[in-house]
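Trainee: Could we go through a structure together? I would like to learn how the words we use follow from the values.

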Amino acid sequence: MNWLNKEEGFNEINKLAKKHTPFLFITSFDSEKIFAQSLNNLDDNIFYKLEDWRNYPVEKRSKDFTFSKSPVDFSMYKKALDEVLEEICSGNTYLLNLTFKTPVETNYSLKEIFTYARAKFKLYFKDQFICFSPERFVEIEGNTIATYPMKGTIDANLPYAQETILADEKEMAEHVMIVDLMRNDLGIIGSEVKVEKFRYVEKIKAGKKELLQVSSKITAKLPSDWKNNLGTLLNQILPAGSISGTPKKSTVNIINHVEDYDRGFYTGVFGVFDGETLRSGVMIRFIEKEENSLVYKSGGGITIDSDAKSEYDELIDKIYLPF
């Protein structure tokens, strides 16, 4: 696969959007690999769903599935988390999204998991990787750009789950930091930045569990010629704040040092421009082929108040098939 490099990729997005050509784009976490292709010429082994935009038929699941996971050892997780806490104490980061890869086994193919997964944002790419993400990145309609950072997860079946997550000081601090970061990001490319909804709760299906996730909605006004330089605008606000951290530049450097693997397309973004409007999602809930086996990449936000055991449990909770 010939991926475009960062400069070529964002230039291609500029070119397609300027002509009002509908297209799909995919960026890796570091934006060093980019895919951008018009929907008319889209390779036939790429499938996407962005809310009610999709390019594949809906099918009902009929066969039972098996799924097992072999998470990283707690001591290894704690070692990485302690490194992050040291960086926080040194003032180099305030919030860092720490992630790991987990070998998983299932009797389903990537294509089958993609087809049956219930999620707002889904991508299947050439039997190499899939994501079934609950998280939007940005949407642009008219000249308004909106982003929906998601920070805070709890088992929906716990007593008083919604009250608990909204009252949790660590979760509140983490969410406020991400909202602040995303306000700043939108302020780089737009004006009249507003937090329209702060910390609203949505329920998502997570395998046998249901999770509550906390999000906010932030909007800004873009220049009326935004279609002429859509790639340039995206470049200025990537990577997504919710899956990197704050301050973004130094936090990404720490991630590259602390995490013991390459995120690749995990925590990148993908989106579709339909000629007038843009929808995009953050590539979390992500399964990838490595040789003949599958790995699932997951993580969570670390702040000064993080507890190693509960962060480790959250990492494992996020490894599921959403059937």
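Trainee: What makes Met172, Val176, Val195 and Phe198 a nonpolar patch on the surface?

Mentor: Good place to start, and keep in mind that this is a predicted model. To join such a patch, a residue needs over 30% relative accessible area and no salt bridge, and nonpolar side chains are linked within 5 Å. Met172, Val176, Val195 and Phe198 form one, with about 300 Å² of accessible area together. At least two of the patch residues come from α5 (169-189), and at least two from β12 (191-206).

Trainee: Why is Val195 called partly exposed?

Mentor: Val195 sits in strand β12. Its relative accessible area is 36%. Buried means under 20% and exposed means over 50%, so a value in between is called partly exposed. Therefore Val195 is partly exposed.

Trainee: Now the inside. What makes a set of residues a nonpolar core?

Mentor: The members must be buried residues of the nonpolar kinds, joined through side-chain atoms within 4.5 Å. The largest core here has 76 residues, and those touching the most other members are Leu24, Ile26, Leu98, Leu123, Phe137, Leu230 and Phe270. A separate, second core has 23 residues, among them Ala119, Ile130, Ile287 and Tyr320. As a general point, nonpolar side chains tend to be buried together in soluble globular proteins.

Trainee: Which residues does Phe137 touch?

Mentor: Setting aside residues up to four places away in sequence, Phe137 touches Ala146, Thr147, Tyr148, Met182, Leu234, Ile237, Leu238, Ala240, Val269, Ser280, Gly281 and Val282.

Trainee: Why is strand β8 described as largely enclosed by the rest of the structure?

Mentor: Count its residues: β8 covers 129-133, and 5 of the 5 are buried, so the strand is largely enclosed. Phe129, Cys131 and Ser133 point one way, while Ile130 and Phe132 point the other way, and all are buried.

Trainee: Which other strand is joined to β8?

Mentor: Strand β17 (residues 286-290) is joined to β8 by 3 bridges, and the two run antiparallel. In β17, Glu288 is the bridge partner of Phe129.

Trainee: What makes β11 "mostly covered"?

Mentor: 6 of the 6 residues of β11 (residues 150-155) are buried. β11 is joined by 4 bridges to strand β13 (residues 209-221), running antiparallel, and Thr153 has Gln213 as its bridge partner in β13.

Trainee: How do you know that Arg61 is partly exposed?

Mentor: The relative accessible area of Arg61 is 37%. That lies between the cut-offs of 20% and 50%, so Arg61 is partly exposed. Arg61 lies in the loop between β4 (53-54) and β5 (67-69). Beyond its neighbours within four places in sequence, Arg61 is in contact with Tyr108, Tyr116 and Phe323. Arg61 and Phe323 are 262 residues apart along the chain, yet their C-alpha atoms are separated by 8.5 Å.

Methods: Residues numbered from 1 in each chain as written. Predicted model: local features only at pLDDT ≥ 70, side-chain atom pairs only at ≥ 80, totals over all residues. Heavy atoms only, no water. Patch = residues over 30% accessible without salt bridge, like charges linked within 9 Å, V, L, I, M, F, W, Y side chains within 5 Å. Areas by Shrake-Rupley, 256 points an atom, 1.4 Å probe, with all protein chains shown as cover. Salt bridge = Lys/Arg side-chain N within 4 Å of Asp/Glu carboxyl O. Buried < 20%, exposed > 50% of the residue type's maximum accessible area, 1.4 Å probe, protein only. Contact = heavy atoms within 4.5 Å. Pairing = 2+ DSSP bridges.
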